[in-house]
There are 4 protein chains.
Amino acid sequence: MPSDLFVGLIGQKFMGRAHSNAWGQANRFFDLPRRVVLQAACGRDGDELGGFAARFGWKTWTTRWEDLASDPKLDLVDVATPNHLHLAPALAALEAGKHVACEKPLAGTLSEARQLRDAAKRAKRSKTFVWFNYRRCPAVALARQLVAEGRLGAIRHVRATYLQSWGTPDAPLTWRFQKKLAGSGAHGDLNAHVVDLARFLTGDEIHEVHGAVARTFVMERGIPGTDKPGKSDVDDALLFLASFKGGALASFEASRVATGHLNANAIELNGEHGALRFEFESMNELLFHDQTLGPRTAGWRRIVATSAAGGHPYARNWWPDAHLLGYEHGFTNMAADVVRAIEGQEPVVPLPDFADAFETQRVLEAALVSAKERIAVRLSEIR
Amino acid sequence: MPSDLFVGLIGQKFMGRAHSNAWGQANRFFDLPRRVVLQAACGRDGDELGGFAARFGWKTWTTRWEDLASDPKLDLVDVATPNHLHLAPALAALEAGKHVACEKPLAGTLSEARQLRDAAKRAKRSKTFVWFNYRRCPAVALARQLVAEGRLGAIRHVRATYLQSWGTPDAPLTWRFQKKLAGSGAHGDLNAHVVDLARFLTGDEIHEVHGAVARTFVMERGIPGTDKPGKSDVDDALLFLASFKGGALASFEASRVATGHLNANAIELNGEHGALRFEFESMNELLFHDQTLGPRTAGWRRIVATSAAGGHPYARNWWPDAHLLGYEHGFTNMAADVVRAIEGQEPVVPLPDFADAFETQRVLEAALVSAKERIAVRLSEIR
Amino acid sequence: MPSDLFVGLIGQKFMGRAHSNAWGQANRFFDLPRRVVLQAACGRDGDELGGFAARFGWKTWTTRWEDLASDPKLDLVDVATPNHLHLAPALAALEAGKHVACEKPLAGTLSEARQLRDAAKRAKRSKTFVWFNYRRCPAVALARQLVAEGRLGAIRHVRATYLQSWGTPDAPLTWRFQKKLAGSGAHGDLNAHVVDLARFLTGDEIHEVHGAVARTFVMERGIPGTDKPGKSDVDDALLFLASFKGGALASFEASRVATGHLNANAIELNGEHGALRFEFESMNELLFHDQTLGPRTAGWRRIVATSAAGGHPYARNWWPDAHLLGYEHGFTNMAADVVRAIEGQEPVVPLPDFADAFETQRVLEAALVSAKERIAVRLSEIR
Amino acid sequence: MPSDLFVGLIGQKFMGRAHSNAWGQANRFFDLPRRVVLQAACGRDGDELGGFAARFGWKTWTTRWEDLASDPKLDLVDVATPNHLHLAPALAALEAGKHVACEKPLAGTLSEARQLRDAAKRAKRSKTFVWFNYRRCPAVALARQLVAEGRLGAIRHVRATYLQSWGTPDAPLTWRFQKKLAGSGAHGDLNAHVVDLARFLTGDEIHEVHGAVARTFVMERGIPGTDKPGKSDVDDALLFLASFKGGALASFEASRVATGHLNANAIELNGEHGALRFEFESMNELLFHDQTLGPRTAGWRRIVATSAAGGHPYARNWWPDAHLLGYEHGFTNMAADVVRAIEGQEPVVPLPDFADAFETQRVLEAALVSAKERIAVRLSEIR
C-alpha cells in the first residue's frame, strides 16, 4: 500500500481545474509509488473556492496562500496562478521544504525566473517541476524517443507555431493582456510552450536569435466589470528566428489573432534522414517521414500514438488502441511522472525542473530583446 | 480567324519544356485573340536542340540567342535560361522592340533586375511579363479574388514557406549552387515565388524586414562531369521576417534540405474576418476559413477550385469539376493571359511585369542584407 | 445540495473502467441535480475486484451480481458485462425497481434483447439506458442538431464503417470470438454502434436490408491460458446494404481485420443541401459541406466541436476551445445526461433506452438473416 | 525516326477533347516507337466539328463515322461516343482491320459488350484497348505494383466508391439519363471505373455478388432545348456487395447525387500485411499502410507518386518531383502505352483490351441482376 503524498494547490481557474483533475486521476490510471491526497486548495475568490474544492475533492481550502505554502502537512505545493504570482508562493514553499510544481512560464520576467531557479538550486531537499504539459502528449513523447534514437539524423530545421484566435477586440482586458501581470502576451503564453517543445524534442539548445517582431493589433480592451476601455500593453503576436547550437535553423510564432486557428500548437523537425511533425489539434497523432525508406515508398505517415503493444508512451495506462486521449491527459500523465520522480523513479520522458524552464525563459527574453532593439531593414533603403 | 503571334524561346531544359508546352496548349484550350506560332527555339546544346524543337513543334532553332532576340519575325521573346542569362537576351529583345516574357526571379542580382526594369520602362511598345506561374493556379487566383472582395478584412498574418529536399549531399554542383550564376540559392529560387504570392494575394507591399538567417548545410558538391568536388556558395535555406505596409506580420522560409517536403509551396493569410491557405501539393484546393459564419459552424473548408459553374478562374477552359489540373496548367493559363494582354484584353488575374517583379527582387535583397548584416542576440548575453 | 444517486456497477474490465471513470467524473465537470455515489462494484474475478474498486472509489464490492442487482441501497444498476450476461442482471435489477444502464448491444441475440425491451416496458418506475456512447461525442451531437435543423435537406446516402484490425491470427479466443457468449462478432460489436449512429443522426428508421455478407477469416484461435486452438464461430467482418423509410440508401461495414484501421468509426450523410461526416479517429471534428454556399465557395469544412461560445454540445463543461476531448468523455457526458434524465431533465441529445436499442438490434438481425439466407448472384451465371 | 501511326477519332465532346489532347501530347513527353498523326476526326455536329478539328490539329474531319471507320489511311480508330454508339463503329473498324480504342464502359449492355469481345477475338490483326484511364494515374499504377509484389499479403477487403453530385434536379436529360442510350446511370459510368480498378489492383476476379440496391432520386429532368420534362430511367446511385475468388469482401458504390463529392473515385484495399488507398481528388498521392513496420511506427503514409528517382510509373516523362500531374495525364500516359503496345512493347502496367473490359461488364451486369431480382429482408419481418 503506497504511502500518501499530500498536495496543496494554489489557483482555482482554468489551470486550477486542469491540475485538480490530474491529481485526482493519476492513481486511477497509474500504479504509482505514492497515493496522491488532494489536501488543500487556495484561491483569492473565497465565494467560489468552497464549491471548487468540493467538486474536485480538496479536503480543505484557504484564501491565504502563505498558509498553504507553509502548511506542515503538505509534501508538494502546486502553483497554478497568473504569471506575476508564481514567485512569492513558490519561494515560500521552497523555503518550507516542499516540492514545488509551477505553471509555465516559470515567471513573467527573466529576473523572477532567475530567482526561482536559484532558490530551487539552494533547496536541496525539494524537487521542482514546471507544467510544460505538452511534453507528455504521447505523440510528443514518442517524437522525442525517435529523435533520441537518431531516426532523423542531424536536425536542419525546426518550425514551430502556436496560433490561437481568441484575442478579438471584444475579448476583455484580463491579466493576460497586462504586462505587469503577465510579463508578455502571446509570447510568454504560447511561445513558452513551443520553445520548450523545440528544446525537448531536439535535445539541443538555442544559441542565437536572428530577428524578432512583435505587434499589438488590438490596443484597447474593455476592463472587466466596467464599461471602460483599458490599454493592452502586451504582444498579440510575436515571431522570431533562431539557431540551435547543433546548426538547426528555427522559427517560432505565437499569436492570439490568427483567425482560423484555435489551439494550433504545431512543431516540425526536418533532419538528414527524416522528419517529424506534431499538431496539437490532432494530438493523438505523430507524423513521421522516414527518408531511409527511399523515394519510392517514403512519405509522411500518421502514427496514432495509442498502442500499448507498440510501447507508445503512457498507452498502457489508458484505453485500447485509437480510443483517443484529450487535452487533460497530458496533465494526468505529468502528475503521474511527478509522483514517480519524487520517489526517485524515472519519468516516461524527462520532466522539466526550474533550471530547465529557466533556459526556455532565456530564449523568450532573447526574442524580446531582439524585437525591441531590432535594426530592421527598411525597403526604402533598397532601390 | 485570329492573327499569328510569333514566339521565340531561349532555354531548352526544365523551363524550356514547361514554356514550350504552355505555348503549344494555349490555343487548344482557350479562345484567344491571337494564334501562337512556336517559331524559333534557342539553346546552348546544339546536339539536343533539334530534338527538343521537333518534339514541341518549334519551326526553327539556333544556338545563338543574339539571332533569336533580333529575329524580325518574332513578336515575343521568352527567356527561360539560368538567372545570370536573363539580362542580356531580355535587353536585346526589348531593344529590338519585342514583347518579353522572362523566367523568375527577374534576375540573379538587384542590379541586373534594376536594369531590366528600367529598360522595360523605356521600351514603350513592348509589354513585359515574368513567369510567376503560381499566380495562375486556379486556387491561388481564387484566393486573390476573395481577398480583394474583403472576405478576410484587414490582414494580420502572412505565413509562407517553400520547402524542397532535393539538396542532398549527392546533388551535383549545377548552376543553382553557384552564386555567380544563380545570385542566391533557395532564396532566389523559392522565396521569389512566395514573396510574389504574398504581394499578389494581399495587394500590399512589404516595407520592413525584421531579421533573416541563411545557411549552407552542404558546403561541397561534385562538379558535374568530373570526380572533383566544388564549393557551393549559395544558401540551402533562408528564413526572414517582415511587415507589410498595411500592418500584417509575415514570415518566409525557403529550403532545399527540408526532408519530407518535395515542392511545398504554401502560403496562409489570417485576417480579421477569415483566413486562406494554399498548398501547392494540393494545388487544386483552396482552404478558406470564414469566421463570419460564427463559432458554431465556422471551420477551414476545402474548396476544389475547378468549378465552371462557380466561376473559378480558368475552370471553364479545362475539364469538368474535380477532374484536376496539374503543375503545367499554371504555365498554360499564363501563356493564354499573356496573349490576351498583348491584345489589350484583361488577364484573369493581374500579370506581373518587370516593374512588378523588381519589387519582389527588392524584398529578396532586403532579406539578404538583413541576413548578412544581422546583429543576432546571442543567448550568452542573456543570463 | 443535490441528493445522492447510488450506483452499482457489474463488470470490471474495459467497460468497467470506462463506466467507473464516467460516474466518478460526472459531478466534477457538470452541475447535476444528483450527486453520484459509486456505491458497489461487482465482478467475477474476486482477486482483482478489490483493487479495481479501491482504484475507482467504489465503496463496496461483491462477486455475486444477484446481491448487487437487489441491493436496496442502489438507485441504478450499470451492466458492463459480456453480451450473454446482460439479460439476467438487467432483468433482476428491473424487477428490483432500479434504473438500469446497459452496455451495447442490448443483448447478444434478438430474443434476449426482446425480453429486455419488454421488461423495461413493464417496469414503469425504472428508466433504462444503453451505452451508445458515441452519440455523446460533441461532434456527433452537433451533427444531429444540424440534421434536425434541416441543414442537409432530404438524406440520400448514409455510409457507415467501423473498422478495426486487432483480429489478427494471434489474438486469443476471448468471449468476443464465441457465438454463445457474444452473439456475433464484428457485427454486434461494431455495426451496433454505426447502426445506432445512423438512426440517431437521420432520425429515420431502416425498413429494408438489400444484401449482406459475413466472413470469418481466422477460423482458429488460441484458447487463453492453454496451448490449444479453438474455433472462432463469429464474423470477423460483416457488410450490409439497407434503405431508410425516408428513401436514403445506406451501407454498413464492420471489420476486425481491416489492416490500417484501429478504431475507424466513421459515418457520412449526403443530403439534398449538404453533407456531414464524422470519423472517430478525429473525434473532436465534424466535417460539414454546406451546398447552399454555392459552387464558388462550398467545400467540406472542419468544425472543431469544442466551442462554448458556439454552443457546441458539452463544450462549456470542459476546456477552452480546441483543448480536445478524448474517448472517455463520451461516457462522462452520457453519465451526466443519465443523471439529468433520472431527474426528469432533458439530456443534451436523446438518450437511447431499451426500446430504442431494440430497434438497432432488429436491424442487426435483419442483416444476419440476409447474410445467411442470401441468394447471391454467381458470376458464372453471367455470360 | 519513328514511323507514323495514323489515328482517327469518333466523338467531339468531353471524351473527344480528352483523347485529342492525349494523342497530341504523347510524343511530346514520351519517346515512342511511332509518331502519332491526328489524321481524322468525326462527330455528329458538323457546325462545331471544324473548329474542334482545327483546335486539336486533326487534319481532316467528317460527320460520317462509317467513312472514318473504313478509311484505309488509318491504323487506329478511337471510339469516344456515348455508350450506345460504341458497338457499330468499333465493329466496323475491327472488320476494316484497324486497331480500336474504345471509351469505357465497353458498351451500355452486356449483349453489345459480348459482341465486341467476340469480334475482337476474331480480329487477329487488331489490338483493342478500353480507356480505363485511371489505371494510368501514377499512384494507381504504383499501387498495382505494390500489391503484385506482395506488400499487402492476402487481400481481405476492397472498398470502392465513385461519388459525384452533379445529378441535381436542374441537370438536363442528356443521354446519360436515358437507358436506351447509356444502358445504366451512375452504375455504368462510375462503377465501371471502380470495378476495373478493383480487378486491376487485386489481380483477382469477382465471383459472387451478395446484394445490390439502385435508386433514381430525380425522376423527371428537362429535355435539352425544350421546356418539357422527360423521364430519367437510369439509376442515380447503385451500391453492391461482392466477393473475390481469393476471398476478399468488396463493396462498390456509385452516385451522382452524393452532395459534397465532385469526382470522388476512391478505392482501398486491406490485406494481411498492409493496406493501400487511392482517392482521385488527391490523384498524385498513394496512401500506404505497411503493417510490417510494427505497431510503434506503422501508419498510413502519403506517397507522392511523382518521383523519377523512385521509379514511379510515368514520372520520368513529366516534371520534377511533386510538380503535379492532372486528370488529362492519365489519358496521355495511356495513349503512350497504346502506341508501345501496338509495336509489341510492354506498357508500364497492363492495358485492358475488349476481353478484359467484358469481365468488368459481367460484374456490372451481376449487380444489375441482383438489384432487380433482390429478395430484400424487410424489417417488418423481424420482431
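In chain A, helix 5 packs against helix 10: Leu110(A), Ala113(A), Arg114(A), Leu116(A), Arg117(A), Ala120(A) and Lys121(A) from helix 5 meet Phe354(A), Ala355(A), Phe358(A), Gln361(A), Arg362(A) and Glu365(A) from helix 10. Two residues are in contact here if their C-beta atoms, placed from the backbone, lie within 7 Å. This is a predicted model, in which local features need pLDDT of at least 70 and side-chain atom pairs count only at pLDDT 80 or more, while totals for chains, interfaces and linings use all residues. Residues are numbered from 1 along each chain as its sequence is written, and chains are lettered from A and ligands numbered from 1 in the order in which they are written. Helices (H or I, at least four residues) and strands (E, at least two) are DSSP runs, numbered from the N terminus.

**The helix pair in chain A**

- The contact of helix 5 with helix 10 of chain A involves 7 nonpolar, 1 polar and 5 charged residues. For this tally, Ala, Val, Leu, Ile, Met, Phe, Trp, Tyr, Cys and Pro are nonpolar, Asp, Glu, Lys and Arg are charged, and the others, Gly among them, are polar.
- The axes of helix 5 and helix 10 (residues 354-372) of chain A come within 9 Å and cross at roughly 160 degrees, which makes the two helices roughly antiparallel. Axes are lines fitted to C-alpha atoms, for helices over the stretch in contact, with angles from 0 to 180 degrees between N-to-C directions; over 145 degrees counts as roughly antiparallel.
- Helix 5 and helix 10 of chain A make a left-handed crossing, meaning that the near helix is turned anticlockwise from the far one by less than a right angle.

**Where chains A and B touch**

- Chain B gives 45 residues to the contact, and chain A gives 45 residues.
- On the side of chain B that touches chain A, strand 8 of chain B provides the largest share, with 9 residues.
- That side of chain B holds 21 nonpolar, 15 polar and 9 charged residues.
- Strand 17 (residues 377-378) of chain A pairs with strand 8 of chain B in the antiparallel sense, over 2 bridges. Strands count as paired if DSSP finds at least two bridges between them.
- Arg378(A) has Glu208(B), in strand 8 of chain B, as its bridge partner.

**Strand 16 of chain B**

- Strand 16 (residues 300-304) of chain B is largely enclosed by the rest of the structure, because 4 of its 5 residues are buried. Buried stands for 20 or more other C-beta atoms within 10 Å of a residue's own, exposed for 12 or fewer, and partly exposed for in between, with C-beta atoms placed from the backbone.
- Within chain B, strand 15 (residues 285-290) runs antiparallel to strand 16 and is joined to it by 5 bridges; Glu285(B) stands opposite Val304(B).
- Strand 16 of chain B also joins strand 16 of chain C, antiparallel, through 3 bridges, and Trp300(B) stands opposite Arg302(C) there.

**The open sheet of chain D**

- Chain D has an open sheet of 6 strands in the order 3-2-1-4-5-6, with parallel pairing.
- Strand 3 (60-62) and strand 6 (128-130) of chain D are the edge strands, each pairing on one side only.
- On average, neighbouring strands of this sheet are turned by 25 degrees against each other, direction ignored.
- Strand 1 (residues 3-10) and strand 2 (residues 34-42) of chain D pair in parallel over 8 bridges, with Val7(D) partnered by Leu38(D).
- Helix 1 (residues 14-29) of chain D lies across strand 1, strand 2 and strand 4 (76-79), running at about 155 degrees to strand 2.
- Helix 2 (residues 46-56) of chain D lies across strand 2 and strand 3, at about 170 degrees to strand 2.

**Backbone spots worth a look**

- Most residues other than glycine have a negative phi, and most peptide bonds are trans.
- A cis peptide bond joins Lys104(A) to Pro105(A), with omega about -15 degrees; Pro105(A) is in the loop between strand 5 (99-102) and helix 5 (110-122) of chain A.
- In chain D, the bond from Lys104(D) to Pro105(D) is cis, with omega near -10 degrees.
- Ala322(C) is not a glycine, yet has a positive phi of about 65 degrees; Ala322(C) is buried, with 23 other C-beta atoms within 10 Å.
- Tyr314(D), also not a glycine, has a positive phi of about 70 degrees and counts as buried, with 25 C-beta neighbours inside 10 Å.

Methods:
Angles under 35 degrees count as roughly parallel, over 145 as roughly antiparallel, 65 to 115 as roughly perpendicular and the rest as oblique.
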